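Subject: Structure handover

Hello,

Here is the structure we talked about. Please open it first, then read the notes below.

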Amino acid sequence: MGVDFRSTERDDQPVDGSGRRLGIICARWNDVITRRMLTGVWAELESAGVAADDVDLVWVPGAFEIPLAAKAMAATGRYDAVIALGCVIRGDTAHFEYVAGPAATGILQAQLDTGVPIVFGVLTVENRRQALVRSVVDGDVVGDNKGAEAAATALEMIQALDAIRTSWPGERGACSRSGPAASGAGERADDGERRRHVERVHAGSH
Ligand code: INI
């Protein structure tokens with residue numbers, strides 16, 4: 001077996017976010033909900049040790065506008081990850097399909113294009129009640145806060161990508177299938193040391 005990047009024993013341990021820079025895109029549409037998700041993001045980032053000065057926030061009109069803004073933010077090279085927050089409520093209009101799908105596809109495309117994790121923190125729900133129970137603040141309703149979850153996902157992705165990229169520097173962005181993994185070059189002599197290094201990075205101690 002090659003390197004085991006994922007260690008289930010460490011799933012409960014918080015990721016150290018100190019020194020990390022994050023961008024947030026937040027949609028104003030349904031901002032009663034997106035502001036609640038934003039509260040969850042700040043709480044999660046703060047508890048992970050991310051400095052407030054290392055987080056920038058950009059507002060956009062609606063979820064449809066998120067992918068372009070997220071891509072622009074990611075492309076600056078300033079951020080370790082970008083968190084996209086929005087709330088699309090189905091309501092009575094077919095607009096839902098035209099907004100929710102493209103927002104998801106666009107965010108996916110933006111992160112693949114830039115190589116920067118962009119977390120899909122966009123609620124796609126049937127009604128306002130569902131949105132409320134997914135954006136809990138101070139336990140005001142029973143549920144959870146998908147903004148906080150998005151922030152945790154961003155920090156985990158930063159750490160996972162660090163582990164991959166510091167283990168195989170020089171193979172960054174190599175999708176040409178010409179690298180050792182593609183050519184079947186097999187185990188290398190330094191695999192043991194590489195595995196230990198990956199585990200240190202994954203544990204948050206660089
Ligand atoms: N934008 C949202 O973020 N949520 C919605 O529920 C929504 N609905 O239902 O229409 C919505 N529409 C606006 C859209 O995101 C764009 O801002 C608009 O179409 C202009 O491009």
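A polar contact, as used here, is a pair of N or O atoms within 3.5 Å; within protein, one must be able to donate a hydrogen and the other to accept it, and residues adjacent in sequence count only if both atoms are side-chain atoms. By that rule, the side chain of Asn145 reaches the backbone nitrogen of Gly147 at 2.8 Å. A polar atom of the Asn145 side chain also lies 2.9 Å from the backbone oxygen of Val136.

Before going on, some ground rules. This is a predicted model, in which local features need pLDDT of at least 70 and side-chain atom pairs count only at pLDDT 80 or more, while totals for chains, interfaces and linings use all residues. Residues are numbered from 1 along each chain as its sequence is written, and side-chain values use heavy atoms, with hydrogens and water left out.

More on Asn145. It sits in the loop between helix H4 (128–132) and H5. Helices (H or I, at least four residues) and strands (E, at least two) are DSSP runs, numbered from the N terminus. Asn145 counts as buried because its relative accessibility is 10%. Buried means under 20% relative accessible area, exposed over 50%, and partly exposed in between (1.4 Å probe, protein chains only). Leaving aside neighbours within four places in sequence, Asn145 is in contact (heavy atoms within 4.5 Å) with residues including Arg36, Met37, Gly40 and Arg134.

Now the sheet. It is open, with 4 strands in the order E2-E1-E3-E4, and the pairing is parallel. Two strands pair if DSSP finds at least two bridges between them. Strand E2 (55–60) and E4 stand at the edges with a single partner strand each, so one side of each has no neighbour in the sheet. E1 and E2 pair over 6 bridges, with Ile24 opposite Leu57 in E2. E3 and E4 are joined by 8 bridges. There, Val82 stands opposite Ile118 in E4.

Helices pack on this sheet. Helix H2 (residues 66–75) touches E1, E2, E3 and E4, and its direction makes about 165 degrees with that of E1. H5 lies across E1, E3 and E4, at about 150 degrees to E3. Axes are lines fitted to C-alpha atoms, for helices over the stretch in contact, and angles run from 0 to 180 degrees between N-to-C directions.

How many residues of E1 are buried? The count is 6 of its 6. Leu22, Ile24 and Cys26 point one way from E1, and Gly23, Ile25 and Ala27 point the other way.

Next, the cores. A nonpolar core is a set of buried Ala, Val, Leu, Ile, Met, Phe, Trp, Tyr and Cys residues joined through side-chain atoms within 4.5 Å. The largest has 26 residues, and Leu22, Leu45, Ile83, Leu85 and Leu155 have the most contacts inside it. Strand E1 (22–27), helix H1 (31–47), strand E3 (81–89), strand E4 (118–125) and helix H5 (146–167) each supply at least two of its residues. Another core, of 22 residues, lies apart from it and includes Ile25, Met73, Val82 and Phe96.

Last, the cysteines. Searching the whole structure gives 0 disulfides (pairs of cysteine sulfur atoms within 2.5 Å). Cys26 counts as buried at 0% relative accessibility, and Cys87 counts as buried at 3%.

Best wishes
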